[in-house]
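Below is a note on helix packing, the interface between the chains and a few local features. Please read it beside the coordinates.

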Amino acid sequence: MLAIFFGTCFVTGLLSHYQYQPWAWLPEPASPVWLYRVTQGTHVITGIATLPLVLVKLWSVYPNLFRWPAVTSLKHAAERLSVFVLVASALVQLTTGFLNVLNWYAWPWDFVAVHRFLAYVLIGSILLHVGLKLPDIRYGLQARLPQADVLTETPWDQNPLAHSNAGEVPPPPTPALTRRGVLVAAGAGVGAVVVTSIGQTVAPLEPVGLLAVRQWNKGPQRVPVNTTAQQAGVQAVAVDQRWTLQVNGRTPFTVTLAELDDLARSEADLPITCVEGWSVGAHWRGIPLLDLVARAGGDAGSRVEVISLQQGSQFARSTVLGPQVSAALLATHLNGERLNLDHGYPLRLIAPNRAGVLNTKWLARIEVV
Amino acid sequence: MKAWRISFAASGILLGLFGVFRLLTEVPVGNLVVLAGWMIGAVVIHDGILSPAVIAVGWFIGRAVPARGRRYVQGGLIAGGLITAVAIPLILRAGQEPPSKAILQQSFGGNLTILLGLVAAASLVLYALRVARDTRNTRSAKTAAGAEPSPERL
Ligand code: HEM
């Protein structure tokens, strides 16, 4: 089960990485519009659920830490080292992932890169662990739950009393919680965490979101913000009356603030999904990106760079490729109101199946290549 | 089976080494030292503090709680402990970002109290059901024994 959770995080995580660095010949599709919403929502909620599960798993194998003699052979030493790498990378991956979602950057390194490299180390050590333990895993899956003894201090194949060696033996009577009881209690705890967190992705569960990190209905225009205008340092330039959008291509032109409203005639319902897992559906009004691209001499096959007023952030520009060029909107309105300054006033990009950070805000310039 | 084991292990080693290689070549040394500190620290905190503390609590329950109620206390503590582990960072971090981000704008301490209350209530209900069942069983065993003393019943 844990292996499935870790695998899910790995696959959805790699999909998220692909949002940042798609290959030119295989651009992100524009539909289904909710694809990234589902994969990254799954990534974060699965990750949050894995954290307590790992605690239970480690607790159940804790006695093995004290098995004596500590190392019996070179092979055994290598195995224990691999378990150390597994445990350490899992704990660090899960805690830093969770803290990152809370915007609590308690480390000096670039989260995205280290999170990805550590994911390789973690998944590698899990694969190695599975390879080493395959016989035990098979035994564990075959044994009936109340009688399984894979978790005792002695490995089952060295234990003459193990059920697999001694045949069916009734489980020892205990006034304490049984193995099944532990699983039920842990499942209840993890289930409560999931139900009370997932409201930040699944709107109907927002009212019970007692542990939800984000609450979309508390954001301006009922959408949360990830980088505010102040954090981006654009409060002054973005509200300047002399603002223009410069569109460069074979036939360059500019759009002024006054012209925006005339051009912004298209509407679309598109979710906005943050890399941090929260997402919310929203209603947008704006200019189809393709209109401006065509006016600048490009077409649906062009590569389009959108550039923000924001300075000095890797997310101050992004590239629109392939099907998203035709599906993207340069939004002026959100949920029936003029775009809030924190949402990217006067103009921002919104495209389907696209990570929030790549929906560049406070646009200043567009390059049609 | 052997082929499976070897392919799992070999692909795992390759992927892991690839990750280590990317870390070593693309992350500045200073940050790698801090990362190593995090990894060792995580294991030390978990194995050295958290697990022994859990075992101490378990030992205490074994002595202090009568056998019949023990599993309900343990179950409640497992579920509640896991919820608390997730809630603590939320409590520590609440209210530190601008309100328009709509992030961590709840009173998570209060919310955690509600959730723990629900867990405690559920454990109590389960325990009460157990007590009720035990009482019914003893009573019906007694009546059965009174009516016709049959050995199987006892
Ligand atoms: C359990 C094992 C996990 C694995 C294997 C994993 C793997 C990955 C990978 C490969 C990426 C892509 C990074 C990139 O774009 O280069 C990613 C992104 C991400 N992961 Fe995880 N992850 C795990 C757990 C978690 C957890 C527990 C959380 C949070 C609760 C989390 C939050 C994130 C976030 C927020 C991103 C997007 C980062 C960004 O683009 O800013 N991950 N993950």
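1. Basis. This is a predicted model, in which local features need pLDDT of at least 70 and side-chain atom pairs count only at pLDDT 80 or more, while totals for chains, interfaces and linings use all residues. Residues are numbered from 1 along each chain as its sequence is written, chains are lettered from A and ligands numbered from 1 in the order in which they are written, and side-chain values use heavy atoms, with hydrogens and water left out.

2. Helices α1 and α2 of chain A. Helix α1(A) covers residues 2–20 and packs on α2(A) at about 145°, the axes being 8 Å apart. Helices and strands here are DSSP runs numbered from the N terminus (H or I, at least four residues, for helices; E, at least two, for strands). Axes are lines fitted to C-alpha atoms, for helices over the stretch in contact, and angles run from 0 to 180 degrees between N-to-C directions. The crossing of this pair is left-handed, that is, the near helix is turned anticlockwise from the far one by less than a right angle. Contact means heavy atoms within 4.5 Å; among the residues that meet are A:Phe5, A:Cys9 and A:Gln19 in α1(A), and A:Tyr36, A:His43 and A:Lys57 in α2(A). The contact residues of this pair divide into 9 nonpolar, 12 polar and 1 charged. Nonpolar covers Ala, Val, Leu, Ile, Met, Phe, Trp, Tyr, Cys and Pro, charged covers Asp, Glu, Lys and Arg, and polar the others, Gly among them.

3. Helices α2 and α3 of chain A. Helix α2(A), residues 35–61, packs against α3(A), residues 74–101, at about 140° with axes 10 Å apart. This makes α2(A) oblique to α3(A); angles under 35 degrees count as roughly parallel, over 145 as roughly antiparallel, 65 to 115 as roughly perpendicular and the rest as oblique. The crossing of α2(A) and α3(A) is left-handed. Residues in the contact include A:Ile48, A:Leu51 and A:Leu58 of α2(A) and A:Leu91, A:Thr95 and A:Phe98 of α3(A). Their contact has 10 nonpolar, 3 polar and no charged residues.

4. Interface of chains A and B. How much area do chain B and chain A bury between them? The value is about 5800 Å², with 76% of it on carbon and sulfur atoms. Buried area is the accessible area (1.4 Å probe) that two parts lose on being put together, summed over both. Chain A gives 71 residues to the contact and chain B gives 62.

5. A helix pair between the chains. The axes of α4(A) and α1(B), the latter residues 2–26, come within 7 Å and cross at roughly 160°. That makes α4(A) roughly antiparallel to α1(B). Their crossing is left-handed, and the contact residues divide into 20 nonpolar, 6 polar and 4 charged.

6. Backbone points to check. Most residues other than glycine have a negative phi, and most peptide bonds are trans. A:Asn103 has a positive phi of about 55° and is found in the loop between α3 and α4 of chain A. A cis peptide bond joins A:Tyr345 and A:Pro346, with omega about 5°. A:Pro346 lies in the loop between β8 and β9 of chain A.
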